[in-house]
Amino acid sequence: MILFINTRVFDGSGTAPFAADVLVEGNRIAAVSPAGSNSSARDNALVVDGDGATLMPGMTEAHAHLSWPSSVERFVPGMSLPPEDLLLNTARNARILLDHGFTSAYSAGALGKTIEVSLKAQIDSGGMAGPRLVPSSLEREPPNESAYLEAGSVADHGRGPDAIRAFIKDCAAGGAKVVKFLLSGESALKPGASMQILYSEEEIRAAGEQARESNVWLTGHAHAAEAIKMGVRNGFRVLYHCTYADQEAIEMLAGRRHEIFVGPTLGIVQATLDAVPPPHMDMSHMKADAAVVLQHQQRLGPELKKRGVRLLPGGDYGFPFNPNGRNARDLELFVRYLGFTPTEVLVAATKLGGEIMGMGSELGQVKPGFFADLLLVSGDPTQNVAILQDRKNLRAIMKDGKFHKAPAAVA
């Protein structure tokens, strides 16, 4: 047993932090009690004195790209690595995410068919450090002359409903829980591409039908309004970006607010605007596109929030100028640009994080019976969410009832 005392608990529900003792037994939270009331547990428990720190649920990265190469520990100038290096680097990024307080990760695509499935097996068995993981296969895009994701694209995708069905069946057979489609293009990589629809309605209808048969979740990269509508119509569970949503798309998202999640992915937008490229690299078109995207997101985010659509932080981390490990910055960007309070975005990163992981009844809150995925944080993130960006403020990191980072103060 482990007993946290002298803490202010942010339980993930949105309630203001309150003084409490939290008892962990095995991998679950056994009790959340008024401060000082759990004296009987002290004799048999390891006691952690929080000294007034905030105890909160671990965070969820809702747009994880663990195989995207760059991290705060290792800069990789491109997106390609040799296979062995890619595997080990992906494992390293999983550990880095956990180091920074993200105890869960919902994948937004991988650079290999089964990299994340194998990674999840290793993490779940205790073989290596990393967050709880909902694994994805490759991101799927149609065959084209200039693929948006050259690393990870494969030649045998094919066109038509039958090819789509075969792809999803293959992903499911390999152990992927998420299959991601690029429903629209990406203007940051090819000017104007965000408004291009990459699949037919028949193809995406087949995707929705096969996903239900194969018991996998569908995730979509969707900037254009019609791409968003196509995803909603065909049962996509997560849609990223949604930049150019028109009123009809907003209504459709609001109508499915209890079944769907939206990730604005602000991190990559801010990183693009902030980037100082080397002299030989021209990012002017990327920066211009990012400025337009941010303008649209500042309008869209508050509207979706008002309508009860579940918006989650997660900003396409893993690119050279937006490395894995910087993920907590998205929380601050939600406050800066989307009108969230620190408490509201913390709920999105914890409680809603448990929901996107498919574990909302047992993950993402500090409540009895929930998994003991916990952070002990110096300061009060409900007043200043930016403190979560400094890993030194994370006094302790617990996942599944075990310390990934043990606290210094143990009574």
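Strand 11 (residues 217–222) is mostly covered, with five of its six residues buried. Buried means under 20% relative accessible area, exposed means over 50%, and partly exposed lies in between (1.4 Å probe, protein chains only). Helices (H or I, at least four residues) and strands (E, at least two) are DSSP runs, numbered from the N terminus. The structure is a predicted model, in which local features need pLDDT of at least 70 and side-chain atom pairs count only at pLDDT 80 or more, while totals for chains, interfaces and linings use all residues. Residues are numbered from 1 along each chain as its sequence is written, and side-chain values use heavy atoms, with hydrogens and water left out.

Two strands count as paired if DSSP finds at least two bridges between them. Strand 9 pairs with strand 10 (residues 178–182) in the parallel sense over three bridges. In this pairing Ser-136 stands opposite Val-178 of strand 10. Strand 10 and strand 11 also run parallel, joined by five bridges. Here Lys-180 stands opposite Thr-219 in strand 11.

Two residues were noted for backbone geometry. Most residues other than glycine have a negative phi. His-241, in strand 12, has a positive phi, near 80°. His-241 is buried, with a relative accessible area of 4%. Thr-265 also has a positive phi, near 55°. Thr-265 sits in the loop between strand 13 and helix 7. Its relative accessibility is 1%, so Thr-265 counts as buried.

Helix 7 (residues 266–274) is mostly covered, seven of its nine residues being buried. These are Leu-266, Gly-267, Ile-268, Val-269, Gln-270, Ala-271 and Thr-272. They pack against helix 8 and helix 9 (329–338). Contact is taken as heavy atoms within 4.5 Å. In helix 6 (residues 247–255), the buried residues are Ala-249, Ile-250, Met-252, Leu-253 and Ala-254. An α-helix has 3.6 residues a turn, so residues three or four places apart point the same way. The cover over the buried residues of helix 6 includes helix 5 (225–233), strand 12 (238–241), strand 13 (261–263) and helix 8 (284–306).

Antiparallel pairing occurs around strand 15. Both faces of strand 15 are covered: Leu-374 and Leu-376 are buried on one side, Leu-375 and Val-377 on the other. Strand 5 (residues 54–57) pairs with strand 15 in the antiparallel sense over four bridges, and Met-56 stands opposite Leu-375. Strand 16 (residues 394–399) is likewise antiparallel to strand 15, over four bridges. Val-377 stands opposite Leu-394 in strand 16.

Leu-374 is also among the residues touched by Phe-4. Phe-4 lies in strand 1 (residues 2–9) and is buried, with a relative accessible area of 1%. Not counting residues up to four places away in sequence, its contacts include Ala-20, Asp-21, Val-22, Val-24, Val-48, Leu-55, Met-398 and Phe-403. Phe-4 and Leu-23 are 19 residues apart in sequence, and 6.4 Å apart in space from C-alpha to C-alpha.

Gln-365 lies in the loop between helix 11 (351–356) and strand 15 (374–377). Gln-365 counts as buried because its relative accessibility is 7%. Its side chain makes a polar contact with the side chain of Lys-367 at 3.2 Å. A polar contact is a pair of N or O atoms within 3.5 Å; within protein, one must be able to donate a hydrogen and the other to accept it, and residues adjacent in sequence count only if both atoms are side-chain atoms. Leaving aside neighbours within four places in sequence, Gln-365 is in contact with residues including Asp-11, Ser-13, Ile-29, Pro-57, Lys-351 and Phe-370.

The second largest pocket has a volume of about 390 Å³. Of its 18 lining residues, Ile-123, Gly-126, Gly-130, Lys-399 and Asp-400 are the closest to its centre. A pocket is an open set of points on a 1 Å grid over the protein atoms alone, where a 1.4 Å probe fits, with protein on both sides within 12 Å along at least five of seven lines; lining residues have an atom within 4 Å of a point. The volume is the space filled by probe spheres set on the points. Helix 2 (115–124), strand 8 (132–134) and strand 17 (402–405) each supply at least two lining residues. By class, the lining has nine nonpolar, three polar and six charged residues. Ala, Val, Leu, Ile, Met, Phe, Trp, Tyr, Cys and Pro count as nonpolar, Asp, Glu, Lys and Arg as charged, and the others, Gly among them, as polar.
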